[in-house]
Amino acid sequence: MGRRPDWRARPAPAATVASRRERDEAGVRLALAEARAAREAGEVPVGAVLMRDGAVLASGRNRMRERADPRLHAEMDCLDAAVRSGLTAAGPDGFADCTLYVTLEPCAQCAGALVLARVPRVVFGAWDPKAGMAGSLHDLLRHPRLNHRAEVTGGVLEGECAAVLETFFRERRPSPAE
């Protein structure tokens, strides 16, 4: 028998690439809805959605003020919701084949949790040059010395995601003229 070709080694057809981009934009749009809900609740507007095969498995948003817990970033809230829903009840591979969509590049805490949960793919909107751990400040999600590395796609609907955050902070900070 001859050696079977490795289908993963071939480039994806253009239709697959377009479909992935469309899926990524759809996932980030769902995360943006969570971010807007966070803003309405007086939280920093960051939202996250965990999906598998186009189905939403869990969603989350910043809840740090609501629950007086500095750990409750959108990604953590989303992972907690996934665990509460029973996603990991059968074992630690519950996040296999999942993608986490989030409106802001994950921080160290959230990137660490995503690595430990073995979430295989992370897609985010706005880059975070001050605290981003998916390439801005450091790259914890793809660090070569860790036993799990996620596939990362950044900058999806970046303008929309950044605008939600910028508007939130502009409304809360006094202008220099005041």
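R29 is partly exposed, with a relative accessible area of 42%, where buried means under 20% relative accessible area, exposed means over 50%, and partly exposed lies in between (1.4 Å probe, protein chains only). This is a predicted model, in which local features need pLDDT of at least 70 and side-chain atom pairs count only at pLDDT 80 or more, whereas totals for chains, interfaces and linings use all residues. Residues are numbered from 1 along each chain as its sequence is written, and side-chain values use heavy atoms, with hydrogens and water left out.

- R29 forms a salt bridge (a side-chain nitrogen of Lys or Arg within 4 Å of a carboxyl oxygen of Asp or Glu) with E160, and their closest N and O atoms are 3.2 Å apart.
- Because E160 lies in helix 4 (residues 158-172) and R29 in helix 1, this pair ties together parts that are 131 residues apart in sequence; helices (H or I, at least four residues) and strands (E, at least two) are DSSP runs, numbered from the N terminus.
- E160 is also partly exposed, at 33%.
- R20 and E151 meet in a salt bridge of 2.8 Å, N to O, which links helix 1 (residues 14-40) to strand 5 (residues 151-153) across 131 residues.
- R20 counts as partly exposed at 32% relative accessibility, and E151 counts as partly exposed at 36%.

**Other salt bridges**

- R39 and E40 form a salt bridge with their closest N and O atoms 3.4 Å apart; R39 is partly exposed at 25%, while E40 counts as exposed at 63%.
- A network of salt bridges links R61, R63, E66, R67 and D77, and the structure holds 13 salt bridges.
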